[in-house]
Amino acid sequence: MLALYNNFDEAEKVVSELRSADIKGFNADDDLTVKSPIEHPEVEEFLGDKPVKVQWFTLVGAVMGGLLAFFLISGSQASFYSQMKGGKPIVPIPPNMVLTYEMFILGGVYITVLGFLICAGLPARRSPLYSAKVSEDQIGILVKADESAAATLKGIFAKHKALEIQEEAGR
Amino acid sequence: MTKDIREDIAWAQINQDVMKSLENPRKLYWVILFAALMVFSVGIGCEIYQYIEGMGVANMNNPHMWGLYIATFIFWIGMSHSGTLLSAILHLMHADWRKPIYRFAEAMTTFSLMTAGLFVAVHLGRVWQIYYALPYPSERWVWPNFQSPLLWDAMAIFTYLSSSVIFLYIGSIPDFAIARDNIHPGWRKKLYSILALGWEGTDRQWRNFRVTYLTVACFLIPLAVSVHSIVASDFAMSQQPGWHVTSFPPYFVAGALYSGCAAIITLFIILRYVFKFEEYMTLPILKKTVRLTFAIAMVWTYLNCIEFASVWYSHDQVAKDVLIQKATGPYAPFWWAMIFCGSVVPFVMMFKRFQTNIPVMFAVSLLLNLGMWLERWMIVAPTYSHGYYPWTWDHDQWPSLIQWGIVFGSFGWFTLLFMVFCKIVPSVSMYEVKEMVYHRSQATKKKQLGIEGAH
Amino acid sequence: MSVSNLLENWSKFRHTHPVEDKGHPDWEAYPSGLKTDIKWAMAIDLDACTGCNACSVACYAENNLPVVGKEKYAHGQEMHWMRIERYWGEENGEFKAEQGAQFLPMMCQHCEAAPCETVCPVGATNHTEDGLNSQIYNRCIGSRYCSANCPFKVRYFNWYNYPEQEESWPAPMHLQLNPDLTVRTKGVMEKCTFCKQRTYVARNNARNEEREVADGEVQTACQQACPTGAISFGNLHDPSSKVAKQWAQQGVDIIKEVQDKDKEREKMEHEGKEPEKMVRGYRILEELRPYPSVMYLERVREESAV
Amino acid sequence: MIENDFDRRDFLKVLGWGGTAVALSGCGYTSIEDGKETVTSYVTLPSYVVPGISNYFNSTCAQCEAGCNIMVRVREGRALKSEGNAASPINRGKMCGLGQAGIQAHYNPDRVQTPLLNGKAVSWDQALKEIEGKLNGVKGDEVAFITGTMSGHAQALLGNYMDALGSKNHFSYEAVSPAVARAANKKAYGVAMPRFRIDKAKVVVSFGADFLGAWVSPVYFSQAYAQFRKGNRPEGRGVLVQIEPKMTLTGANADRWLGIRPGTEGIFALGLINALGAAGVKVPADIAAAAKDYNPERVGTDTGVAFDQINKLAALLKERTPSLVLAGTAAEGYAYGSQNAMAIAMLNHVLGNVGKTVEAPASVPFPQLAPTVGSRSALTALNAGLAAGKYKVVFSYGANPVYSAPAAMKFKDNFGKAGFKVAFAQYLDETAKAADLVLPLDSAMEEWATVVPEYMPAPYEGHAENYAQVSLRQPVMEKLYPNKEGSGTRSVGDILLALLKQRKPEAYKGFDDFYAYLRSAVLEKKTVFGAAAKDDNDIFWNDTVGKGIVALNGVTAKLAGRASASELALPAPAAPDAAYPLRLIPSVSASMRDGRNANEPWLQESPDPLTTIVWDSWVEIHPKTAAKLGIVEGDIVDVSSKSGSIKAQAYLFPGIHPDAVSVPVGYGHEAMGRYANGTGANVFAMLDPVFDKETGELALNETAVKISKTGARVIIVKEEGPIGGSQAGRKKIAVKVSAGKVDLTKEV
C-alpha cells in the first residue's frame, strides 16, 4: 500500500503512528519503505538506525586494488622484465608507490560502486506501487502488511491527509 | 544579500525547467553544435595527415620534442579539476550553493579528461602501438615501464576518468529517474529507464546512495590532487632546467583548479543563457564562484612567484637562464601575456560590481583560460629551447598549422561532447536543487520561528 | 610468477648503484664457466679532434641514417647520431678566432644512470648488460619523453617515414644500407648505439672461442674513420684496454659524480695554491649524475708561446 | 641450372681475386673477363660468400687525388661501406668524410647509364664508331684531351692514345690545386712535392695550407698532425701557427690563428725572416738581403698583424727546432703567389728545416705511371686553343671545366667552338651537357685501375726510406649498369683501350679488356713490383690485388740547392679599389672541394665544420665589416666582382680578415644531379681573370668584390643553434686547457 504526501512533516507523523500502531503482519523495521524525491537524513532518523555496509566494500576494494598494483608491478619488474633502467633498482619502491596509490583509489571507487549497487538492490524492477510524483515533489510511504490490516492503514494514511493511496492486493 | 536561489520555487517547476533543457533544441544550439563539429573535423583532418606523414608535420624537432600537444593536454587535465572541486570538495564542506552548477562542472571534468586523453594519442609517434603502454600479459612477458611518469599519468587519468564518469553517473541516477518519469514515451524513455536502474527513491536506496556518494567524493579529492601532481611529475621528475622544480605539483594543482574555475564561469554563463537557467544559475552563485576563482588565482600567483623566487635565489644558473629566457627571449610576449592573464586580470574579480556583471565575467573567464593555456605552453616550450646543452638551443621553433589545427580541433571535440551531454543528461541536478530549496526553506522557517519565539 | 621467484629476484635486483649491476647473473657465461664482464666506454681526445666530420659521415654509412634534405634540416629534424659542435672563444660577448675554434663530437653518452631510461613508458630504452643504453625500435611508441629528459639532446626522432621517403635512399642508394641493422620507421626514437652490431659480432666470436673480447677487436665506425685517432673505444672493465687505461690515467671514475682530482683541484684553489699539473679527462654534465660512458680529454692549446 | 661445371679454380678466374662480382640478385654472375653470363644457384655459393658475413676488398679511393687505400665492405654482392686499409702508409686505416661518401658516388641515382649522342641513347658500338668517324682526317694537333689528375695504367694508355693520335694536347686541369706551390717548391727545394714531416716538427707555421681539410693529402696529414700533437713524443707537443686571411679547418685547430691581410703572406714571411735574423738566427746573405726592408713595423702595417706577434713567433721558431713552414692554397692564390710561396719556402731554409722536416720524396720507378698533376694554367692554355678554334675533337675526363672556369674566360662558348666534344662522365654535369657525346663511366667501385699518389707518404711500419707505392683499384661488386645490348657503363681504361684498338688494332688485340692489359702490364714488371722472377704469376697477381697496395723501392729525388732569393720582392698591398673594396676568398672545404662530389648527399648534409651550414652556399663576413654594411646573419647579399656576381646568405664569421669575404667553391651546379643542382651558388664563375705572374696560374684570391644587401633574409640552415658557437657560460662542455697546465708526457 502506497500513500503519497506532499509534506514531509505529515509523512513523519504517519511513520511514527505506524510504528506505534500494532498492525498485524506489519513490522516497522522491515515492511515500511519511504520513497522521497530528495535525500532526507531525517527519514533515517525516524525510520531508525539501519546499518550501511558500503564502507566495507570500499575498504576491501581499496586494499585489493593497492595490493594488486604493487604485486603486479613489482612482480613484473622482478620476474619477467628485469631490466636495468637509469641506474635505479630493478624493483624501485618509490615509483611503484605512485601506481599503488592510483590503483588503491581505483579499486576503492569501483568496489564501492559495486557495493552500492548490491546494498541498494540496484538495478531493480520497479514495484508496481510507484508514482511519478515521488520523483517530483511528494513523499511516498510504502507499507507491507496483511490484507486484514488494510483498513487500519488506510485510516492512518487518510488521517494525515494522504493525497493518494495506491493498493495492491496479494502477491 | 540576495539569495542563491528562490526558496519558494515549486519542486515541480524545477523538474519542468530542467527537463525543458532536454527537449527540442533551440536554433542556437544547432549553430554551436555545427560549429563545434566543423572545428573538430579540422582537427581530425590534421590528425589524419599527421598520422600518415609522421610527427614532423607538426613542426616539432630536436630539441622541441613536445609541442602544443602536451601543453594542451595539461590544459585539459587542469580544466577537469573544477568539476571535482565543486562536487567533491564543496560537497564535503556542505557548501550547498554548488548544487545547481556541479552537474555540468562534473560533465566538464569528464569531457575535458576525454579530450586530454585524445592528446595522449595525438602526441604519440606510433599511436597504433599505444597498447604497448598497457600492462597486459603479453606472450613475451614484456611489461610497460612502471617507473615512467608517463605511465603513472596514463594510469592516473584512467582512474580519474573512470571515477569521474562513475561519480557523475551515480549522482545522476535520481535525476534519470525523474527524467524517466517525466519524459514522453519513446526511445529516450527507455534509455532513462535503463539509466535509472529502477531507482524509486526508497529510504534504502537513499541511505546507500548517500554513503556511496560521500565515499567516492572522498576518494576523488586525493585522486584529483594526485592526477595533476602526476602530470606535474612528468616535468618535475625529469632532470630538465625549469621542470625539475619541487613546487611543481602544488603549482600544477592550483593551476588546474584555477583554469577549471575559469572554465566553469564560462560554461555557467553560456548554459544560463542558452538554456534559460536564470532561476538556478543565479547571480549570487556566480558571485560565489567568482570569489572562489579569485582566491585560487591568488594561490596560483603566489605559487608562480614562489617558483620564480626559488629559481632566482638558487645557484642553479641553468634554471635561472631558462627563467630569464622566458621573460626576455622569443617567448617573452607569451610569457608576459600569461602573467597578465593569470595574475592581473583576476583582480577585476575583486570588484563587487564586476562579480555579477555577466559580460565582464565572461570576458575575464576567457582571458583566464587563455592565460592558463599559455602557462602550460610556457612550461613546456622554453625548457626545450633553452636546456642544459647550449648547442641544441633552438629559439625559432614555431608550431605548424597542423599542430594548431589539432589543438583547435580539441576545443571542437570538447564542445561537441558537452552539447550532446546537455541534451541527454539534465545539466542541473534536480534532486539536489530540491534539497537545497528544502533545506533553505527549513532554515528560513526555523529562523522565523526563532525570531517569533524571541518575541 | 612464483612468489619465491619474486622474492629471490627482488632481493637480487635491489642494487642501487649503476655500475654495481653487472647484468643478468648468467649473462655471457661460457660453458666452461668463464664469465665476461663488459662495460663499453669511450674516450675522445678533443686535442686530437680536428672537427673534420669523418666520424659523422662514417656513422651515416654504418648506421643507415637517412639524409633529410635542406627543408627538414631547417626544421631541426636532421638525424645525425654523431654531431660535431663548433665553439668559439668568447671575450666580452664577442667571438674570438685567435685560438681557432673548438670542436666537440657529441653522441649518445651511454649514461650508466641514464635519465632517458627511467622515463620511457614502455621500457623501450634500457641498460644492457654490457653497459650500453639500448633503444628497442620495435617497442618504441614515440612518446619522446626520453629525448625530453636527455640533457645532451642526442636522441633523434623519426619525424617522417624516412625509409619510404624519396630523398632518403632513392634507388639504387638503398643497396648501400647496412643489413646488420634495420632502418627505422616513422615515430621511433633512435640514437647512437656504440655500433652495437659490431660489438655483438665481437662478443659472439669471443663466445664461440671461449675467451674475453680483446681490446681493439671492436671498432666503432666513428673510431675507425677518425683520421687523427681521437676516439678510442673498448671495455672499461678490462684493465688492459686502452680505454680503461685512459680513464684510469685521466682520473675519471665512472661511478663518481665528482672526480677526486676535481675535488682536489678545488681544494687547492680554495687554499690559494697553484694547482700542479693536472690530467685532462672530464665528462660533460657529470654534475647531473648520469654517469656518462664517454670521457672527453680537454683540448690543449699553447697560450704563452705564441 | 644452366651451367654449373666450373670448379673452384674457375670461380677464382671468373671473379678475380678479391672477388669482383657477386651479382646483385645473387643469381647471375658475370665474368669480368669474357662477359659470359653464368646462372648459378645461391645454394652453390663461391666459398668466400657466406650469407650474413661480409667480405672486405682492398681498393683505392677515388674521391680526391690523395689516393687513400680503402677496404670496401661487401655483403651478398653489395658494396656497403668504405673503410680505411690499415696497412696503408697513406691513410693507415682511416678515412675522411669525403672518402666515405664514395659509396654514394657508386650508388648515385643520377649516374649516366648509357652512351648519349647529342642527348640520345646510343650503343657503345655506335658511340665508338662515332668517335672513330669524327677523328677521321683530323690532325693530331686538332685533338685535345682535358683530364683531371691522372696516374697509373690508365694514364699510360692515355699517353699511348695521344701518341697514336699524334697529339700533344693533353691538358691536366684541377680547379683547386697547389700548382703555384709546386713550382715554388721546385725552385726552393728542387722537387715539386717534398715530404713534409709534420710529425717530426716542433712548430708548424702554415701559410694557409689546410692540410687537415683539403690540402694535398688530408688524411695522411691528419695522422701526422695527431703525432705532432702528442705530448709523449720525443719532440714534445707541437705548436701550430696558422697564418691566413680566412680560417680553414687547420686554422681552426691552430694554437694561434693570425688573420692576415689577403695577399701579404710573403711579406709576413720576409718580415719573419728579418725578425729571425734580428733574433740571431743565421740567415743566408741573399735571403737576408731580400728581407732586409721588411722590418717588423712595416710588416705589421702591411699585414695587419701586430709586430710583437711577429717577434714572438720568431722567438718561438728560434727556440724550437726543427720546425716546418708550409705554403698553402691561400698563400699562392695571388698575382704574386709564386713570390709568396718562394718567400715562405725560404723560411724553411733559414730555419734549417730542409732535410729535417722537409725531406726528399721517393717516387715510383715508372715515370709513365706517375701522376700528371693538374693545374689551372692547363685550362688557360686549352681555352686559348679553343678560342682560336684550333680543336676539332676534344675529349674530357675527370674534369668539369664548364663549371669551374671563371665566366670571364668564356670557356663554355669556346668549348662550343670545338667540332666534336666527347665527355667521359659519371654524371651529366655541365661539361657533359655541353658535350656532343657522353660516355658513361664506371664508378670507382666497379673499375680496375692503378693509382700512384702525387704525395708519397713517409715510410711506415718498417718500410725502407725510399718507400713508394702503387695502389690498385678493383671492382668490388658487379656493375650496377652492366654492358647489355650496348648500354651500361665502362671504365676509363676500357674506353681508352677500345679507342686505342681503333688506332692500333695490332698492338692491343691481345687484350680483351683493360683488366687483361693491366694484369699483363703488372706481371711484365713483376720483379719491380716486388716478386721474384720464378714466382707463379697467378699467385703473385692474386696476392697483389688482395693487398691493394704494391710497395716499391722508389726513386728518391735529391733536394737540390735552392734558387737565389735575390729576385724576391713583394710590393706592399695595393690600396683597395673604391668600387670593389673587399677581397673574395673562394674557400675549399674538406667535403665539397671543387664540387665534383656535390651530388653525394652525405656531403651536402654533413655540416661545414666551421660554419656548420648545410645544403647551401654562404658568404663569410667579419662581424665588424658586416656591422659597417648593416648586414646581419641570413641576409641574402649580392657579391659582385668585375666579372660576375652571386647571391648568397651572409654568415658572420670571426675567422676572417675584415677586408675579405669568403664563399665556398663546389656549390651552385646547374647540371649534375638532384642533390647538387641549384644548391648554393657557383663562385668560380665570378672570379676575375688575374693570373700568377710566374706560373700563369689563375690567382684564386685576387678577385675584388663589393657586397650589397638584396633585402631578402633567410634563416640559415645550419647545425649550430641561435647562440652560435657560444657555450653560454657553461663551464664543462668543450673545455680548453693551457698547455703549461697539463702533463701530457705520459699519456696513453
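1. Strand S11 of chain C (residues 299-301) pairs with strand S30 of chain D (residues 736-738) in the parallel sense, over 3 bridges. Within this pairing, C:Arg299 has D:Lys736 in S30(D) as its bridge partner. The model is a predicted one, and the points below should be read accordingly.

2. As to the extent of the contact, chain D contributes 90 residues and chain C contributes 86 residues. The two chains bury about 7600 Å² between them, and 55% of this area lies on carbon and sulfur atoms.

3. The interface of chain D and chain C also holds 10 salt bridges. One of the salt bridges joins D:Arg75 to C:Asp180, with 2.2 Å between the closest N and O atoms. Residue pairs in polar contact across the interface of chain D and chain C number 48, counting pairs with both residues at pLDDT 80 or more.

4. On the side of chain D that touches chain C, helix H7 of chain D (residues 218-229) gives the most, with 6 residues. By residue class, this side of chain D comprises 46 nonpolar, 20 polar and 24 charged residues.

5. A further pairing lies within chain C: strand S2 (residues 83-91) and strand S3 (residues 94-106) run in the antiparallel sense and are joined over 9 bridges. C:Gly89 has C:Lys96 in S3(C) as its bridge partner. S2(C) and S3(C) form a hairpin with 2 residues between them, and C:Asn92 in the turn has a positive phi of about 50°.

Definitions and conventions:
Residues numbered from 1 in each chain as written. Chains lettered and ligands numbered in written order. Predicted model: local features only at pLDDT ≥ 70, side-chain atom pairs only at ≥ 80, totals over all residues. Heavy atoms only, no water. Contact = heavy atoms within 4.5 Å. Buried area = accessible area lost by both parts, 1.4 Å probe. Salt bridge = Lys/Arg side-chain N within 4 Å of Asp/Glu carboxyl O. Polar contact = N/O pair within 3.5 Å; in protein donor to acceptor, adjacent residues only side chain to side chain. Helix = DSSP H or I, 4+ residues; strand = E, 2+ residues; numbered from the N terminus. Nonpolar A, V, L, I, M, F, W, Y, C, P; charged D, E, K, R; others polar. Pairing = 2+ DSSP bridges.
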